[in-house]
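Open the model in your viewer and keep the selection tool at hand. This tour goes stop by stop, with a selection at each one.

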Amino acid sequence: MSLAYLAQEAATNSDKIKGYGAIGYGLAAIGPGIGVGIVVGKGIEGIARQPELSGQIRTNMFLGIALTEALALLGLVAGFIF
């Protein structure tokens with residue numbers, strides 16, 4: 001199915017497909033969830049290897065988490081818009 005077809009079906013049959021926004025957000029949250037897990041895992045690994053840089057690694061880790069979670073919020077907003 002093409003994206004244009006799905007958009008046309010959504011416009012004509014909007015009463016039948018009200019639950020797809022929740023499914024879309026669930027799918028959109030998978031990527032940031034995996035991303036946060038990778039960022040935290042690599043941050044802990046970096047702190048374990050070089051404990052003297054723990055403050056700088058922790059700061060960069062939280063910055064990475066914030067940027068990754070922004071994708072989840074975009075998915076939530078997109079679910080409400082579409």
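**Start with the whole chain**

Of the 82 residues in the protein chain, 15% are buried. Buried means under 20% relative accessible area, exposed means over 50%, and partly exposed lies in between (1.4 Å probe, protein chains only). The model is predicted: local features need pLDDT of at least 70, and side-chain atom pairs count only at pLDDT 80 or more, while totals for chains, interfaces and linings use all residues. Residues are numbered from 1 along each chain as its sequence is written, and side-chain values use heavy atoms, leaving out hydrogens and water.

Switch to a cartoon view. The protein chain has 4 helices and 0 strands. Along the sequence the pattern reads α-α-α-α. Helices (H or I, at least four residues) and strands (E, at least two) are DSSP runs, numbered from the N terminus.

Accessible areas come from the Shrake-Rupley method with a 1.4 Å probe; for residues, only the protein chains shown count as cover.

**Select helix α3**

Select residues 30-49, which form helix α3. How far apart are the end C-alpha atoms of α3? They are 29 Å apart, which agrees with the 28 Å that its 20 residues should span at 1.5 Å a residue. The expected span is 1.5 Å times one less than the number of residues.

Color the buried residues of α3: Pro 32, Gly 35, Val 36 and Gly 43. Look down the axis of α3: these buried residues fall within an arc of 100°, so they line one face of the helix. The arc is that of the directions from the helix axis to the C-beta atoms.

**Select the salt bridges**

How many salt bridges does a search of the whole structure find? The search finds 2. A salt bridge is a side-chain nitrogen of Lys or Arg within 4 Å of a carboxyl oxygen of Asp or Glu.

Show the side chains of Glu 45 and Lys 42. Their closest N and O atoms are 4.0 Å apart, in a salt bridge. The two residues are 3 apart in helix α3, so about one helical turn separates them. Glu 45 is partly exposed, at 35% relative accessibility. Lys 42 is exposed, at 54%.

Glu 45 and Arg 49 are 4 residues apart in α3, about one turn of the helix. Shared partners join Lys 42, Glu 45 and Arg 49 into one network. An α-helix has 3.6 residues a turn, so residues three or four places apart point the same way.

**Select the nonpolar patch**

Select Ile 23, Leu 27, Ile 30, Ile 34 and Ile 38, which make a nonpolar surface patch of about 510 Å². Patches are made of residues with over 30% relative accessible area and no salt bridge: like charges are joined within 9 Å, nonpolar side chains (Val, Leu, Ile, Met, Phe, Trp, Tyr) within 5 Å. α2 (20-28) and α3 each supply at least two residues. α3 gives the most, with 3. Stop at Ile 34, which is exposed at 52% relative accessibility.

**Finish at Ile 47**

Ile 47 is in helix α3. With a relative accessible area of 23%, Ile 47 is partly exposed. Not counting residues up to four places away in sequence, Ile 47 touches Ser 54 and Ile 57; contact means heavy atoms within 4.5 Å. The C-alpha atoms of Ile 47 and Ile 57 are separated by 6.7 Å, though the residues are 10 apart along the chain.
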